[in-house]
Amino acid sequence: MMAGNSLLAHDLADNSLLVQNHPLVVGQEFPDVETCRRTLKDTAIALHFDLRIVKSDRSRFIAKCSKEGCPWRVHVAKCPGGPTFSIRTLHSPENCFQRLFISYRASIYGFINACRPLLELDRAHLKGKYLGSVLCAAAIDANDALFPLAFAIVDAESDENWMWFLSELRKLLGMNTENMPRLTILSDRQQGIVEAVETHFPTAFHGFCLRYVSENFRDEFKNTKLLNIFWNAVYALTSAEFESKMAEMVEMLPEVMQWFHRFPPRLWAIAYFEGLRYGHFTLHVTELLYNWALEGHELPIVQLMEHIRHHLTSWFNERRNMGMAWTSILVPSAEKLVLEAIADSRCYQVLRANEVEFEIVSTERTNIVDIQSRQCSCRRWQLYGLPCAHAAAALLSCGHKAQLLAEPCFTVASYCEAYSQIIHPIPDRSLWRGPAEGTDGGGTKVDIIIRPPKTRRPPGRPKKKVLRMENLKRPKRVVQCGRCHLLGHSQKKCTLQLQ
């Protein structure tokens, strides 16, 4: 794909799509040649390619993409009998694939105002008749469901395309930076994504998807016992707990240290990662993208985008209705965790130091809770955004409702706000306007077609590959009781009586 031929989707109905477009069509007129030059240069800047002027005089203007091998070319000539200039020929998009970027105002609004500041980045490859790749950025709503934010169709996953995709996403979010806290971004951290994040979201915390890290660890060492210790290290909340598990792994297999140099714990371990994952560690968007690619693998590009839009429209409507039916303070997934924390808190002894500080005593250790700053020395409250068992004990002892001290992004109010906007329906294609339709030099209407990527198809009949979900699952985590330290049960089900 040539860098000069990006196409951003245009608004088709009631401002449903967030878009920026710089269309050029055959027959488009300019009042003079200077306006023509300015327009073409602005288009080149907006679409991230270098414009090379081939010919420029009082009667004509010819330019092309400076990238070698790119057929993009435009010829503008003076109209007879007047001062205006018009585009006579335009080798685009007929000869080059156009990158397509789509995001909905409803999604952007929901993310900025109601979702946790967490983004997932991933891709899926189209394997059917129309080749290419789908890039996607997705958030997580209050009830831990995926919240697609923006997606694009490109010819292939590449450093250049990731840079372009995150550039467009940054433009959309940049208008709302005063309302948006520091982001946490999760991906497989391949080089192109890392560079694009550093360029367009330089203040974000960029961490590994734990599924990617764990699969790499599993394939490297092929030791189930070692892998289980690794997961215990991943979920360790404090550096002391992590170091203890790490020492256990190194004692079992010294070669583990070399792996840790390639995958620094600060990029994935809960104890060291500086961003807030809110209990979210793997890329949920991976499964969604594979499903989209599988369901729409025989569809042309525009129809594939429509297929995705239909899914999003249904999700918004269903989840909006579901949220309106809830009567609790927190969404069901968060409410369940807080109720479990309250149940576990009953075995603790609470000592109150002052109005906001509490000492929570158990058989294994003592934790300090500050209900004003919403912090516990175990670090679970501040890392997950929901009161831990120690915090619940402190809050209940002074008559507070634990649900009220959860982060706002887990409330039913935030959930309803995320889906409060509407993804409007799009009219029939015959009623579309904008860059999807143009005119030739004689004034006749012509269609501008978004063509599939120019990729080389491998020989033989394409195979339909089904994504097996067992390949996406991590090993089952071993539960350890915090009271008796035995495996296989939690404190809630522990039979050991508090002394």
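A helix here is a DSSP run of H or I at least four residues in length, a strand is a run of E of at least two, and both are numbered from the N terminus. E306, for example, is found in helix α10.

## Overall make-up

The structure is a predicted model. Its chain has 499 residues, and buried residues make up 48% of them. The secondary structure comes to 14 helices and 19 strands.

## Cysteines

The structure holds 0 disulfides. A disulfide is a covalent bond between the sulfur atoms of two cysteines. To count as one here, the two sulfur atoms must be within 2.5 Å. For C115 the closest cysteine sulfur is that of C409, and the separation is 8.8 Å, so the pair is too far apart for a bond.

C115 is buried, because its relative accessible area is 10% and the limit for buried is under 20%. C79 also counts as buried, at 12% relative accessibility.

Helix α10 covers residues 301-325 and contains R319. Is R319 buried or exposed? Although arginine is a charged residue by class, R319 counts as buried because its relative accessibility is 14%. Apart from neighbours within four places in sequence, R319 is in contact with D141, A145, L146, Y415 and Y419.

S420 lies in the loop that runs between α14 (412-418) and β18 (437-439). Its C-alpha atom is 9.6 Å from that of R319, although 101 residues separate the two along the chain. S420 is partly exposed, with a relative accessible area of 32%. Beyond its neighbours within four places in sequence, S420 is in contact with Y109 and R320. The side chains of S420 and Q421 are joined by a polar contact of 3.5 Å.

E306, also in α10, takes part in another pairing across the sequence. A polar contact of 2.7 Å joins the side chain of E306 to that of R309. In an α-helix there are 3.6 residues a turn, so residues three or four places apart point the same way.

Helix α6 spans residues 224-234, and its buried residues are L226, L227, I229, F230, W231, A233 and V234. What covers these buried residues? The cover includes three helices, α5 (210-221), α7 (239-252) and α8 (256-262).

The N-terminal end of α6 is capped by N223. A side-chain oxygen of N223 lies 3.1 Å from the backbone nitrogen of K225.

## Helices α11 and α13

Helix α11 (residues 332-345) crosses helix α13 (residues 389-397) at roughly 75 degrees, and the two axes come within 8 Å. The angle makes α11 roughly perpendicular to α13. From α11, the residues A341, I342, D344 and S345 meet A389, A392, A393 and L396 of α13. By class, this contact has 6 nonpolar, 1 polar and 1 charged residues.

At 1% relative accessibility, A334 counts as buried. Leaving out neighbours within four places in sequence, A334 is in contact with L386 and F410. A334 and G385 are 51 residues apart in sequence, while their C-alpha atoms are 9.6 Å apart in space.

## Loop residues with positive phi

Which residue in the loop between β10 (132-140) and β11 (146-154) is of interest here? D144 is found in that loop and has a positive phi of about 70 degrees although it is not a glycine. D144 is partly exposed, with a relative accessible area of 34%.

R379 lies in another loop, between β17 (375-376) and α12 (380-384). Its phi is near 75 degrees, a positive value in a residue other than glycine. R379 is partly exposed, with a relative accessible area of 24%.

Technical notes: Residues numbered from 1 in each chain as written. Predicted model: local features only at pLDDT ≥ 70, side-chain atom pairs only at ≥ 80, totals over all residues. Heavy atoms only, no water. Buried < 20%, exposed > 50% of the residue type's maximum accessible area, 1.4 Å probe, protein only. Contact = heavy atoms within 4.5 Å. Polar contact = N/O pair within 3.5 Å; in protein donor to acceptor, adjacent residues only side chain to side chain. Axes fitted to C-alpha atoms, helices over the stretch in contact; angles between N-to-C directions. Parallel < 35°, antiparallel > 145°, perpendicular 65-115°, else oblique.
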